[in-house]
Amino acid sequence: MAEDLLERPGPSPTSIPKVEMRGIVKRFPGVVANDGVDFTIYAGEIHALLGENGAGKTTLMNILYGIYTPDAGVIRVRGVPVRLRSPRDAIRLGIGMVHQDFRLIEAHTVVENVFLNYDGLGFIPKWSALESRLEEIASNYGWRLDPRARVGDLSPGEKQQVELLKLLVRGADILLLDEPTSVLTPIETKMLFKTMRRMAEEGKSIVLITHKLSEAMSVSDRVTLMRRGKIVLSKPTKEATIEELSTAMVGAQLIGDAGLEERQSAPADGAPTLQLSALSVMGDEGVLAVKDADLTVYRGEIVGVAGVSGNGQTELVEAIAGLRKPVRGRIILNGADVTGASPRRLMELGLTYIPPEGKKWGIVPELSIYENVALRVARYAPYSRLGVINWRKVAEVAEKVVSEFRVDTASIKSRAGSLSGGNVQRLILGRELTTSKPSLLVAAYPTKGLDIAASEQVRRILSKLRSEGVGVLMLSEDLDEILELSDRIVVMYGGRIVGVVGRGEATPELLGVMMSRGVAASASA
Amino acid sequence: MTLESLSFVEAILTSAVSAGTIYLIASVGECVTERAGVINLGIEGIMAMGAVTSFIITLAYGHLAAILTAALVGAVFGLLHAFLSVSLRLNQIVVGLAITWLGLGLSAFMGTPEVARDLLKSLNPAVPEYLAELKQAPRLPEVRVELIAGVPIVGRALFSQNVLVYAGLASALLFWFILFRTRWGLSLRSVGENPALADTAGVNVFAVRYLAVIVGSALAGVAGAYLFIGYQPFWVENLTRSRGFIALSLVILSSWSPLRAIAASFLFGGVESLQFRIPLRGFGAETPQLIMMLPYVITIVTLVLISLASRGRIPAPAALGKPYSREE
């Protein structure tokens with residue numbers, strides 16, 4: 001994506017690599033996360049470590065960062081064999097990691113976050129000197145970052161810069177970035193890639209842990225690909241092709257099995273199921289998060305909502321699902337005015353809501369699978385009479401959910417919290433869809449955090465619903481997914497719907513511009 | 001303003017400061033504890049222990065020893081709290097309430113004339129025993145800061161008080177400085193916001209929490225000592241009368257800042273002293289119970305107002321009340 005922006009001087013491998021990992025083995029109960037992995041990092045290179053979720057990339061990097069101890073294998077840093085017992089050992093050797101979820105204290109300022117427990121701080125730190133030191137580093141990389149700002153007020157891109165600052169002030173020159181673009185806007189991503197390139201020019205080594213092929217191709221000097229705990233490929237990026245990488249990554253089992261043709265069918269049949277008119281919704285911060293949104297979702301179509309996170313998408317679906325009272329405007333569901341209606345009434349009128357982060361909002365992890373199913377059905381006959389639950393009926397429907405939606409579990413009595421992310425999501429979808437026939441499904445980030453195969457299954461469920469005449473409104477952070485699934489794409493920016501793009505007209509470039517600048521480009525006529 | 005109303009205002013301010021200091025010392029300590037992520041609901045009981053300690057030790061060895069011993073007793077209770085809540089990771093609410101009941105019960109026992117007399121006798125046989133039975137001890141002397149105390153209205157309120165009032169103000173300033181300007185404070189606040197992160201950054205989360213609970217409890221002990229020898233040097237059971245719990249809510253009112261705790265404490269000290277003055281002026285003379293409720297009612301009202309003003313999002317330390325364990 002940013003290929004033309006960045007000049008690539010190419011790797012400059014010196015005689016001794018910065019890091020050499022040889023024969024790394026790491027076992028967890030029931031799984032070999034790293035199975036004899038060799039990995040080498042040179043000075044001044046951007047090294048993409050590619051693989052699906054669960055391929056073992058993060059485990060490998062956590063070993064290099066001292067979080068896990070390997071069961072076997074040798075690590076040499078600048079030629080010297082080392083034992084890394086904790087992240088502090090790694091930092092001392094100049095190895096720093098930026099995790100996918102930021103490790104920052106939101107209530108504290110940038111400078112406080114960066115210098116927490118910093119050696120040589122002094123009992124009464126000279127905060128102003130530290131602040132100007134941060135400003136200096138920030139300007140070196142072209143960041144506009146106020147050291148006195150509260151971290152909670154920063155954008156994801158800025159928070160990432162704070163994470164980098166934490167490492168830089170401690171002299172890290174081997175930087176491990178775990179899925180660093182997953183929370184960034186396209187523009188912030190470009191900015192990050194520029195920063196990475198600049199760091200590489202300074203002789204630092206950067207490992208980009210990612211599952212996005214396009215990213216690996218556009219910014220890295222070398223690419224190493226992992227699958228099921230092993231390295232399957234490692235070569236200069238120039239010599240690699242997207243096709244080769246994608247085949248190697250998923251192991252070909254999914255290619256051709258994607259059921260794409262099935263998904264293209266079933267056009268909208270014309271009857272509206274959801275109508276929003278001039279809907280405005282308040283966000284948590286007390287400012288309007290959604291402003292005057294007008295939108296209609298028809299039965300038998302998938303409407304994807306694209307936008308950089310924090311532009312009102314979450315608040316929009318929460319208002320539709322009855323979790324957030326609108327300030328102004330109306331919500332019509334199947335002809336009935338449901339503005340401000342309770343989630344239960346909405347459900348009874350034909351709405352099904354799939355919350356984000358299923359493990360957190362969609363299930364009670366401590367309860368068993370069938371109890372989680374009961375949460376949805378226990379109010380209604382035949383699952384309960386006079387408030388007494390008929391557990392036999394509940395168990396029957398739970399068995400049905402588990403088998404029809406392929407929830408991989410030993411028993412419906414297992415704790416729901418013990419299921420993997422994909423199984424949780426199938427459990428939620430199954431629970432909602434087995435016991436009711438919705439006319440509208442609202443799904444907030446239904447594939448987030450799932451691996452490729454599980455995401456694919458969720459996408460198939462969504463397209464199947466569409467072909468059955470259900471209207472689907474879907475949030476996703478994955479632009480490719482939105483483009484692939486949606487009949488129409490709604491773009492949100494600053495709380496407004498800035499454009500609705502039909503399937504044929506949408507391109508990643510067009511959506512990217514709309515998402516990051518809020519302009520309804522001319523193509524969306 | 002008439003001379004009479006002027007002196008009424010002066011009297012109110014003076015008693016606001018002297019009643020408020022009870023809250024100030026306790027809530028400064030609790031600010032420190034809670035900033036580290038531990039909520040100490042035991043301060044009510046620890047204050048009671050501080051009060052009874054100061055009663056007996058003042059008679060035996062004098063004021064300074066009394067204050068130091070009250071701090072020590074508070075610290076010991078804090079150590080117990082920290083052991084249960086930080087090391088054993090028991091529910092902080094339960095631990096705090098247990099310590100409150102323990103402190104209230106034990107202090108009531110120690111304050112009975114017989115026990116107090118025996119304690120006094122074993123500590124310092126030279127002191128006449130009947131002093132303990134009188135349930136009284138000498139009040140802390142006022143220390144007048146001559147030049148400033150002459151300033152009208154506020155002069156007397158702030159600069160004609162006993163040494164613990166000055167110490168209370170100094171502790172607010174000192175702990176504010178430590179919390180927000182020093183390396184220790186940054187580590188402590190980080191532990192209260194995100195202990196796992198502080199741990200990976202090399203902060204000893206357990207040590208910080210132990211220290212924060214112990215320091216806060218020691219201050220609660222001193223607050224109890226002040227309540228007795230600095231404010232009302234006559235021992236009665238339940239001397240604290242839920243002041244520890246009011247101090248806890250003042251911590252929220254001052255949004256976990258020792259500096260704002262000064263204003264909050266003196267405000268509530270004012271409310272408390274009003275309840276003694278209003279009946280004298282006619283209103284409520286027959287139903288003093290209603291007026292005695294005032295501090296508690298105002299506590300609830302203020303908390304509601306704060307909650308409304310901040311839309312239910314009071315900026316409490318993010319890890320407040322959550323035990324930390326490394327395995328998670």
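## A two-chain model, piece by piece

Chain A is divided into domain 1 (3-250), domain 2 (254-350 + 438-525) and domain 3 (357-436); these bounds come from an automatic or database domain assignment. This is a predicted model, in which local features need pLDDT of at least 70, side-chain atom pairs count only at pLDDT 80 or more, and totals for chains, interfaces and linings use all residues. Residues are numbered from 1 along each chain as its sequence is written, while chains are lettered from A and ligands numbered from 1 in the order in which they are written.

**Domains 2 and 3 of chain A**

- The C-alpha centres of domain 2 of chain A and domain 3 of chain A are 25 Å apart.
- Nine residues from domain 2 of chain A and six residues from domain 3 of chain A form the contact (two residues are in contact if their C-beta atoms, placed from the backbone, lie within 7 Å).
- On the domain 2 side of this contact in chain A there are six nonpolar, two polar and one charged residues (Ala, Val, Leu, Ile, Met, Phe, Trp, Tyr, Cys and Pro count as nonpolar, Asp, Glu, Lys and Arg as charged, and the others, Gly among them, as polar).

**Where the chains meet**

- Here 17 residues of chain B touch 15 residues of chain A.
- In chain B, α10 (183-193) and α11 (195-200) each give at least two residues to the side that touches chain A (helices are DSSP runs of H or I, at least four residues, and strands of E, at least two, numbered from the N terminus).
- The largest share of that side of chain B, six residues, comes from α10(B).

**Two packed helices in chain B**

- Helix α3 (residues 63-87) of chain B packs against helix α12 (residues 205-231) of chain B at about 140°, with axes 6 Å apart (axes are lines fitted to C-alpha atoms, for helices over the stretch in contact, and angles run from 0 to 180 degrees between N-to-C directions).
- That angle makes α3(B) oblique to α12(B) (under 35 degrees is roughly parallel, over 145 roughly antiparallel, 65 to 115 roughly perpendicular and the rest oblique).

**A sheet in chain A**

- Six strands form an open sheet with mixed pairing, in the order β16-β19-β20-β13-β21-β22 (chain A) (two strands pair if DSSP finds at least two bridges between them).
- β16 (351-354) and β22 (496-502) of chain A stand at the edges with a single partner strand each, so one side of each has no neighbour in the sheet.
- Strand β21 (residues 488-493) of chain A pairs with β22(A) in the antiparallel sense over six bridges.
- Ile489(A) has Val501(A), in β22(A), as its bridge partner.
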